[in-house]
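Biologist: Before we discuss this model, could you set out the terms on which it should be read?

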Amino acid sequence: MASTVADAIKEHDDHHGPAKGIKRWLFTTNHKDIGTLYLIFSLVMFFIGGAMALVIRTELMQPGLQFVHPEFFNSMTTMHALIMVFGAVMPAFVGLANWMIPMMIGAPDMALPRMNNWSFWILPVAFGILLSTLFMPGGAPAGGWTMYPPLILQTGDAFPFLIFSVHLMGLSSIMGAINIIVTILNMRAPKMSLLQMPIFVWMWLITAYLLIAVMPVLAGAVTMLLTDQFFGTSFFQAAGGGDPVMFQHIFWFFGHPEVYIMILPAFGVISEIIPTFARKPLFGHDSMVYAGSSIAFLSFIVWAHHMFTVGMPLSGQLFFMFATMLIAVPTGVKVFNWVGTMWKGSMTFETPMLFSLAFVFLFTIGGFSGLMLAITAADIQYHDTYFVVAHFHYVLVPGSIFALMAGAYYWLPKWTGYMYNETAGKWHFWTSTIFVNLTFFPMHFVGLAGMPRRIPDYSTQFADFNMMASIGAIGFGLSQLIFVYVLLTAKKGEKATDVVWDNPVGLEWTVPSPAPYHTFDTPPGEDVIRSHSHSSH
Amino acid sequence: MSTHAEDRYYVPHDSHWPIVGSAGLLLLMVGVSAWLNGAETGFWVMIAGFAVMIYMLAGWFGTVIGENQNGVYNLQVDKSFRMGMMWFIFSEVMFFAAFFGALFYARNMSVPWLGGESNNFFTNSVLWQGFEATWPTNGPGEVGGDFTVMGPMGLPLINTAILLTSSVTVTIAHHALIAKHRGTLKLMLALTFLLGFIFVGLQAYEYVHAYQDLNLKLTTGIYGSTFFMLTGFHGLHVTIGAIMLFIIWLRVMRGHFTPEKHFAFEATAWYWHFVDVVWVGLYVFVYWM
């Protein structure tokens with residue numbers, strides 16, 4: 001019996017190389033192929049969303065209306081956010097998860113490889129539908145990515161397309177998240193304990209849980225919008241006993257965990273990179289896990305800090321203010337641990353490390369402005385100003401995006417088998433860092449001075465800082481072309497060794513560079529796992 | 001490298017079903033959207049999308065069932081499927097949580113506030129003068145006109161009994177499967193999906209009654225919205241669950257499943273219990289309280 005089963009497996013088991021041509025990418029069940037698809041897709045979306053950001057910054061370069069119609073400007077802010085959140089940052093981290101998690105836990109592939117393929121191939125459909133709304137009567141959605149009613153109900157023909165594209169994004173995320181959880185819990189090398197897992201894997205485990213918990217809630221929220229619009233329900237209509245504010249509560253119950261969905265994997269990437277280039281084990285390995293879990297828990301009970309101005313009982317305002325401030329504690333633990341890892345380390349500053357260092361510093365700035373916004377009384381002044389824009393762009397651009405760049409540079413030699421162009425990488429880093437600060441730092445000032453967000457025009461007193469921000473944005477956009485150059489020349493450098501860096505920790509460095517199509521046919525043993533973990537367990 | 005199935009990871013071969021599914025979703029979503037925007041052709045595109053989705057589901061599940069019957073799945077794959085199903089059900093729980101959340105928010109926050117509670121005295125006296133916060137309500141604008149409430153006795157109570165009974169029968173079927181009593185298994189499983197379809201039928205009858213006799217509609221303010229959205233999505237899930245049970249029954253008739261390995265049966269049973277628990281929540285909070 002055993003031999004016939006083994007034969008049957010050989011017959012069905014796909015242990016040969018990839019299929020040829022387009023079929024490889026359409027039908028693939030390989031985690032590396034699907035990871036590559038995710039990463040390329042997210043890069044394309046990053047440039048489309050970036051182009052929309054540049055339309056916004058071009059319009060805002062000077063006071064007064066110059067280039068685009070205000071309605072189109074609003075479409076740009078809405079679409080920029082939807083594309084960057086759901087199309088660029090989230091798929092990029094899923095791409096990293098696909099590539100790295102099986103290799104980091106000694107697994108051959110994801111647990112549910114066909115569903116993995118579907119999770120990816122839903123995304124082009126979702127974003128094809130979303131982008132097509134740009135050409136529809138009434139234009140693309142312009143009510144903000146948060147889709148607050150009643151404003152969003154004024155969207156033209158684009159409205160149902162917006163709702164269903166959000167449904168599809170959710171479907172893709174949920175399937176991807178289920179796959180990641182099952183992979184980590186069931187495909188992990190049997191000798192690897194949970195606390196021996198790399199922090200990147202841990203942060204993704206937590207993120208995947210958040211995704212499954214909140215994406216269905218978003219689906220519910222937009223379904224209620226759809227039925228309010230087309231089927232006469234009264235969820236968000238006061239006349240029928242509903243409440244538009246209720247949408248905000250449901251949306252932000254999704255929305256706040258969502259922001260941690262975009263940053264926890266970034267924490268994971270940074271926690272992998274800093275020990276490598278500080279040449280020290282990660283400081284406080286276990287506390288990283290506990291801090292990440294605490295952040296995930298707290299993310300469910302802070303949502304109303306996004307809506308302090310809409311009206312809620314005082315007790316609610318106080319609760320959400322203090323709960324929000326609590327998040328600074330586990331986040332502080334993480335920042336402390338990164339700094340502690342670097343303390344007295346033998347540091348070198350290759351591109352991934354530079355991006356990671358900038359992440360620690362600049363993300364923390366975004367965290368601090370978040371603390372300011374958490375104070376209810378102050379937030380009533382800051383709400384819907386450019387200070388908020390500055391805050392969340394600091395955590396998302398030099399936060400999430402920089403972590404993605406750091407991860408891409410860190411693992412690129414493992415993916416391609418060649419060292420990338422370090423000089424170009426450093427140029428990419430320095431130009432990005434300078435321009436990202438030039439773009440977003442002045443927004444703090446105009447925000448505190450009262451410039452409202454999502455408005456295509458502004459008072460002349462804000463002109464100088466806006467000019468700076470616009471120049472920074474164009475510079476930042478152009479800087480990303482250096483990254484494209486690095487990718488296009490990724491196989492032109494010298495051959496990478498298997499370990500690539502100086503004694504990096506992690507199972508991914510025990511396999512050849514480039515990593516073979518199928519990595520771990522049999523799970524790695526206890527000794528290998530122990531010597532490739534930052535954990536003391 | 002060991003040749004024993006249990007020591008070795010299983011990786012499935014390439015599949016064209018996911019991309020077929022994506023094509024189906026594209027047709028479905030574009031079709032529904034166009035139809036909602038008033039384009040008649042959208043309806044037919046939507047139907048085509050449905051057809052492609054059904055073709056995909058049949059083909060994909062068919063492939064997996066075939067592979068399973070050939071014995072290519074080891075225990076690890078079985079466990080992956082189990083965990084996947086559990087997390088999928090968790091996502092469904094959260095989907096219903098959004099609508100239950102809307103119900104609780106409306107009952108405890110928005111309706112009392114429209115009636116002047118908390119610091120909303122002027123909301124009531126200026127905007128909605130004379131509105132008294134009670135539940136059920138169709139709001140201060142009396143959206144949808146006078147209506148009668150759907151009480152907990154009668155049909156809903158019978159439906160509760162039906163669904164709870166079906167949870168018992170599916171459990172008996174499970175025990176019969178493990179004990180190799182195939183006759184009991186077939187009977188109890190058939191009983192389970194028949195009870196499921198009877199539930200859906202009675203629910204449909206209840207809807208007709210609500211629309212024709214009670215003037216209780218989807219458009220009846222927040223009460224009608226929450227009532228029909230919660231019971232409607234639940235009914236949809238019962239329908240899907242009953243179809244799943246029916247397919248499992250067909251597989252039982254073909255001799256599938258062993259006392260040791262019957263993941264699909266268990267997954268369907270879990271799903272059925274989930275649908276059951278949601279109903280209990282619905283019965284308590286929508287019909288009863």
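Modeller: A residue is called buried if 20 or more other C-beta atoms lie within 10 Å of its own, exposed if 12 or fewer, and partly exposed in between, the C-beta atoms being placed from the backbone. This is a predicted model, in which local features need pLDDT of at least 70 and side-chain atom pairs count only at pLDDT 80 or more, while totals for chains, interfaces and linings use all residues. Residues are numbered from 1 along each chain as its sequence is written, and chains are lettered from A and ligands numbered from 1 in the order in which they are written.

Biologist: What percentage of the residues in chain B is buried?

Modeller: Chain B has 289 residues. Among them, the buried share is 38%.

Biologist: How far apart are the C-alpha centres of domain 1 and domain 2 of chain B?

Modeller: Domain bounds come from an automatic or database domain assignment, which divides chain B into domain 1 (1–73) and domain 2 (75–288). Four residues of domain 1 of chain B touch five residues of domain 2 of chain B, where contact requires C-beta atoms, placed from the backbone, within 7 Å. The C-alpha centres of these two domains of chain B are separated by 26 Å.

Biologist: How many nonpolar residues are on the side of chain A that touches chain B?

Modeller: Each of chains A and B gives 65 residues to the contact. Elements of chain A with two or more residues on this side include α5 (113–132), α6 (158–186) and α8 (244–278). Ala, Val, Leu, Ile, Met, Phe, Trp, Tyr, Cys and Pro count as nonpolar, Asp, Glu, Lys and Arg as charged, and the others, Gly among them, as polar. On that side of chain A, 17 residues are polar and seven charged, and the nonpolar residues number 41.

Biologist: How many of the 20 residues of α5(A) are buried?

Modeller: The expected span of a helix is 1.5 Å times one less than its number of residues, so α5(A) should span 28 Å, in agreement with end C-alpha atoms 30 Å apart. The rest of the structure largely encloses α5(A), because the number of its residues that are buried is 16.

Biologist: What is the handedness of the crossing of α4(A) and α8(A)?

Modeller: Helix α4 (residues 70–104) of chain A packs against α8(A) at about 35°, their axes being 10 Å apart; axes are lines fitted to C-alpha atoms, for helices over the stretch in contact, and angles run from 0 to 180 degrees between N-to-C directions. The contact includes A:Phe93 of α4(A) and A:Met262 of α8(A). A crossing is left-handed if the near helix is turned anticlockwise from the far one by less than a right angle, and right-handed if clockwise. The crossing of α4(A) and α8(A) is left-handed.

Biologist: Is A:Gly176 buried or exposed?

Modeller: A:Gly176 lies in helix α6 of chain A and, beyond four places in sequence, is in contact with A:Val94 and A:Ser119. Because 31 C-beta neighbours fall inside 10 Å, A:Gly176 counts as buried.

Key: Contact = placed C-beta atoms within 7 Å. Helix = DSSP H or I, 4+ residues; strand = E, 2+ residues; numbered from the N terminus.
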